[in-house]
Amino acid sequence: EVQLVESGGGLVQPGGSLRLSCAASGFTFSNVAMSWVRQAPGKGLEWVSRINSGGSSTSYADSVKGRFTISRDNAKNTLYLQMNSLKPEDTAVYYCAGAGWGQGTQVTVSS
């Protein structure tokens with residue numbers, strides 16, 4: 001059974017940082033490209049970032065480019081999203097996605 005479990009969300013002030021993690025199991029993580037997707041309150045899903053299976057290639061939405069960094073540790077079956085210089089508009093539920101979807105972790109950016 002595919003399982004993706006996100007963690008690391010929380011409440012942070014504007015300008016702050018958070019690191020999200022996504023623990024994967026039930027599939028061969030190192031063979032699968034992974035993404036982070038978010039959903040802000042009252043809005044649709046927004047793709048945030050993608051990383052290829054080996055971790056050598058990444059891409060970002062313009063809204064997060066230069067502030068967020070996606071990475072993965074295939075030995076630990078874990079995906080990460082380092083989020084810096086957070087803005088109120090980054091407030092959303094963040095999901096990791098690949099072979100399936102996680103349950104999401106809430107990120108709230110507010111003073």
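The model is predicted: local features need pLDDT of at least 70, side-chain atom pairs count only at pLDDT 80 or more, and totals for chains, interfaces and linings use all residues. Residues are numbered from 1 along each chain as its sequence is written, and side-chain values use heavy atoms, with hydrogens and water left out. Strands are DSSP runs of E with at least two residues, and helices are runs of H or I with at least four; both are numbered from the N terminus. Buried stands for under 20% relative accessible area, exposed for over 50%, and partly exposed for what falls in between (1.4 Å probe, protein chains only).

**Salt bridges**

- A salt bridge here is a side-chain nitrogen of Lys or Arg within 4 Å of a carboxyl oxygen of Asp or Glu.
- The count is 4 salt bridges.
- One of them pairs Arg38 with Asp90, with the closest N and O atoms 2.9 Å apart. It links distant parts of the chain: Arg38 sits in strand S4 (residues 34-39), Asp90 in the loop between strand S8 (78-83) and strand S9 (92-97), and the two are 52 residues apart.
- Arg38 counts as buried because its relative accessibility is 5%. Asp90 has 0% relative accessibility, so Asp90 is buried as well.
- Asp90 also bridges to Arg67, where the closest N and O atoms are 2.7 Å apart. Arg67 lies in the loop between strand S6 (58-60) and strand S7 (68-73) and Asp90 in the loop between S8 and S9, so this pair ties together parts that are 23 residues apart in sequence.
- Both Asp90 and Arg67 are buried.
- Through shared partners, salt bridges join Arg38, Glu46, Arg67 and Asp90 into one network.
- Another salt bridge runs between Lys65 and Asp62, with the closest N and O atoms 3.2 Å apart. Here both residues, Lys65 and Asp62, are exposed.

**Disulfide**

- A disulfide is a pair of cysteine sulfur atoms within 2.5 Å.
- The whole structure holds 1 disulfide. It joins Cys22 to Cys96, at an S to S distance of 2.0 Å.
- The link of Cys22 and Cys96 is right-handed, with 50 degrees about the S-S bond.
- This pair connects distant parts of the chain: Cys22 is in strand S3 (residues 18-25), Cys96 is in strand S9, and 74 residues separate them.
- Cys22 and Cys96 are both buried.

- Two strands pair if DSSP finds at least two bridges between them.
- S9 is mostly covered, with 5 of its 6 residues buried.
- S4 pairs with S9 in the antiparallel sense, over 5 bridges. Trp36 stands opposite Cys96 of S9.
- S9 also runs antiparallel to strand S10 (residues 105-109), and 3 bridges join the two. Ala92 faces Val107 of S10 across this pairing.

**Rings and charges**

- A pair of aromatic rings is described by the distance of the centres and the angle of the planes.
- Rings of Phe, Tyr and Trp (its six-membered ring) pair if their centres lie within 6.5 Å; planes under 30 degrees apart are stacked, over 60 edge-to-face, and the rest tilted.
- The structure holds 2 aromatic pairs. One of them, Tyr95 with Trp101, is edge-to-face: 6.1 Å centre to centre, with 70 degrees between the planes.
- Tyr95 is buried because its relative accessible area is 17%.
- A charge sits over a ring if NZ of Lys or CZ of Arg is within 6 Å of the ring centre and within 35 degrees of the ring normal.
- Arg19 lies over the face of Tyr80, 4.0 Å from the ring centre. Arg72 lies over the face of Phe29, 4.2 Å from the ring centre.

**Positive phi**

- Most residues other than glycine have a negative phi.
- Asn77 has a positive phi, near 50 degrees, and is not a glycine. Asn77 is in the loop between S7 and S8. Its relative accessible area is 27%, so Asn77 is partly exposed.
- Ser85, also not a glycine, has a positive phi of about 50 degrees. Ser85 lies in the loop between S8 and S9. Ser85 counts as partly exposed because its relative accessibility is 41%.
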